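Dear colleague,

I am handing over the structure below, and I would be glad if you could look through it alongside my notes.

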Amino acid sequence: MNVTDRAPSPPDTVAPASAVLAVRGLGKEYRLYDTPRQRLKALFASGTHHRSHWALSDVSFELHRGQCMGLIGDNGAGKSSLLKLIAGTMQPTTGQVQRIGRVTAILELGAGFHPDFSGRDNLRFSAHLTGLDPEEIARLEPEIIEFSELGAAIDRPVKTYSSGMVVRLAFALVTAKQPDVLIIDEALAVGDQHFQKKCVERITAFRQNGCTILFCSHSQYHVRQLCDVALWLDAGRMRAHGSTDSVLAAYEAHVRAQDAASASAPSPGPEQAVAASPPPVLAGQRGRITRLAIDHLGPGTPPLLESRDLVVTVEAIVEGGETPHIAVMLEQSHGVGVTSVATHADGARPQAVGPDLWRSVCTFPDLPLHSGEYVVSAYLFDSKALVVYDQWYQHQHFRFHFPTLTPGLVRLPHHWS
Amino acid sequence: MHTRELAALWRGRSLAWLLARRDLATRHAAAAGGIAWAYIQPMLVVAAYYLLFDVVFSMRVGDAGGRGKPAGQFLIVGALAWMAFSDALSRGMNSLLEAGSLLQKNALPAVLFPARAVLASGIVYLPLFVVVACIYAGTHGLPVAVTAVVPLLLMQLVLSFILGYLLAILAAALRDTVQIVTFFLSVGIFLSPVLFPLSMFPEAWRWVLWLNPMTPLVVGYQAILLDAQWPPLLCWVVPLAWIGAAAAMVDLVLARCSEQLVDWL
């Protein structure tokens, strides 16, 4: 049970498929003592004085140079424990972690800053803790300050900073030097929209340069967009490991089964309502949706779609001349997904209809659904479809009527023979 | 102590030094006097002892008939060493608890934090003790025996570090450790030859004083600085035995809890 670090080989001698991170039989036991006295006894006397809670058992995988793995699972599944074991802040009970090269973990940004010292002072001190040597710190300092966009505020005490400024400085610091392995724990929601976009761009640039990324997120959208492989942890064990699509499909089925099991409850909790995993949204106003409309809606509550085609129009304002991406999600009214489509997935682009104003019209011809109540959501993304500028979640409900003798949800193309 | 711990300490020596300086700066960050306050407080105690006992009352301790040592000078030697030990030990003991959030977010060896605490204490007390030792040695015409202060101070530093590390682990396991040790540090000065010469303590109970790890070191400092003599053998053997025993204990507890130590913080 150990964590070993090795220096990276020179790039020209590294085979493209060499494992940068190898985890074998990893397990973490938390020993629970009924009283602190028993914990003291455990230090000096032999025998068992604790109850065991295995947060993680028998986890094994390998990550190669340039691979990105998404780590998914319910709350308490052991995701954070796994990240901490790989980052080295926690020691494993069983198994091995082999890491090659520099490992950087974005776990809790800015937590080590001292409020009475200036941003610059905290930057220099924290840079030492991340393993940078003084020459590197001196060399990287101007770039860190520039990336954090703190300007003259860098010489003010950190206690005068907003929380956004603190995380900007911390993110700029930990990502100042490209690591060989980058561990990200839900860190894509950093600062305002503008800064989050910079963060995502920096992480994707790392990835393009061959950095191996381990990415833990509840956002299935981001896992799908960023990761080649995924690992689903369930109660501390590997439930599925493989291509992102197959693992996410299995996880989504699990989430749906959970939702179905709790459907009898009078009102599902907010976490369950979000479990269908629309992407997380940013604060700030770099881009926003201004209109979501469905053509040919008639009277009633919800209104009846008086057309065989479903035509959804989404309009959005995005500043800075950036061409956004737009997605539309169609669900049953009680939240079970039917389909989602996006301009970036289909190779389409929204049309410019005014200064900074964009419009996408999505048509589902001869809507292949059975009668029922449905709801449409819209999402606005940045030009790389990674940052979510805005979402109108379950915004427009409608009824659809299709007379048929048979039950079902969708009318799939089929033939009899 | 395990070689792995010592290797981690050696590899992280520059970081431990940086952490120690940062620790001092942090403690006095909001004070106009800054780090000077760390030195002013023990200096005021030393000045108070001298002025009160040697200037105002002209008291003497030791031999009867007024031929003993000036009380202020006698007290300063032991009290400064005790203050340094007490400060280093209590900071060392709290070092892991205080560094909990840092250790949970950065992959740093735990051993750096008691080292930081003891170094931060040493940065304050070592120069003060050296200055006092130089003044005392000057009054004796700079005897050769004064060089023995260096290994004694080194032993005190190592002893404070290992005991501090042991207590830090125990405090992580059981917070009551902090209360118990704080009590012993406040009464320990009475169970050492700091306030009175060893010879004044009832002979039948003198062994109690030798249970205090600082007794041999204080006796050693007094022999060198007050009598210009080499410290007796016990002053070397007992601290080394303490260091060995404490290191073995650190090994023992780390073997049982190193994997969970950070989880306890």
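Predicted model: local features only at pLDDT ≥ 70, side-chain atom pairs only at ≥ 80, totals over all residues.

Residues are numbered from 1 along each chain as its sequence is written, chains are lettered from A and ligands numbered from 1 in the order in which they are written, and side-chain values use heavy atoms, with hydrogens and water left out.

On the interface, 33 residues of chain A are in contact with 31 residues of chain B, where contact means heavy atoms within 4.5 Å. The two chains bury about 2,700 Å² between them, 64% of it on carbon and sulfur atoms; buried area is the accessible area (1.4 Å probe) that two parts lose on being put together, summed over both. The rule finds one salt bridge across the interface of chain A and chain B, a salt bridge being a side-chain nitrogen of Lys or Arg within 4 Å of a carboxyl oxygen of Asp or Glu. Asp121(A) pairs in this way with Arg22(B), with the closest N and O atoms 2.3 Å apart. On the side of chain A that touches chain B, strand E2 (19–32), helix H1 (36–44) and helix H3 (119–129) each supply at least two residues, and H1(A) gives the most, with seven residues. Helices (H or I, at least four residues) and strands (E, at least two) are DSSP runs, numbered from the N terminus.

Within chain A, strand E9 (residues 229–234) is mostly covered, as five of its six residues are buried; buried means under 20% relative accessible area, exposed over 50%, and partly exposed in between (1.4 Å probe, protein chains only). Strand E4 (residues 68–72) of chain A runs parallel to E9(A) and is joined to it by four bridges, with Trp232(A) as the bridge partner of Ile72(A). E9(A) also pairs with strand E10 (residues 237–243) of chain A, in the antiparallel sense and over six bridges; two strands pair if DSSP finds at least two bridges between them. The hairpin of E9(A) and E10(A) has two residues between the strands, and Ala235(A) there takes a positive phi near 50°.

Two threonines in loops of chain A may be worth a look. Thr48(A), in the loop between H1 and strand E3 (51–64), is exposed, with a relative accessible area of 65%. Thr89(A), in the loop between helix H2 (79–87) and strand E5 (94–100), is buried at 6%, and residues of chain B are among those that Thr89(A) touches, including Leu103(B), Gln104(B) and Val262(B).

Finally, the structure holds 22 salt bridges over all chains. One of them joins Asp180(A) to Arg65(A), with the closest N and O atoms 3.7 Å apart, and it ties together parts that are 115 residues apart in sequence. Asp180(A) is buried, with a relative accessible area of 16%, whereas Arg65(A) counts as partly exposed at 27%. Glu143(A) forms another with Arg202(A), at 2.8 Å between the closest N and O atoms; because Glu143(A) lies in helix H4 and Arg202(A) in helix H6 (residues 193–208) of chain A, this pair ties together parts 59 residues apart in sequence. A network of salt bridges links Arg120(A), Arg124(A), Glu141(A) and Asp155(A).

With best regards

Note on methods
Lists of a residue's contacts leave out its neighbours within four places in sequence.
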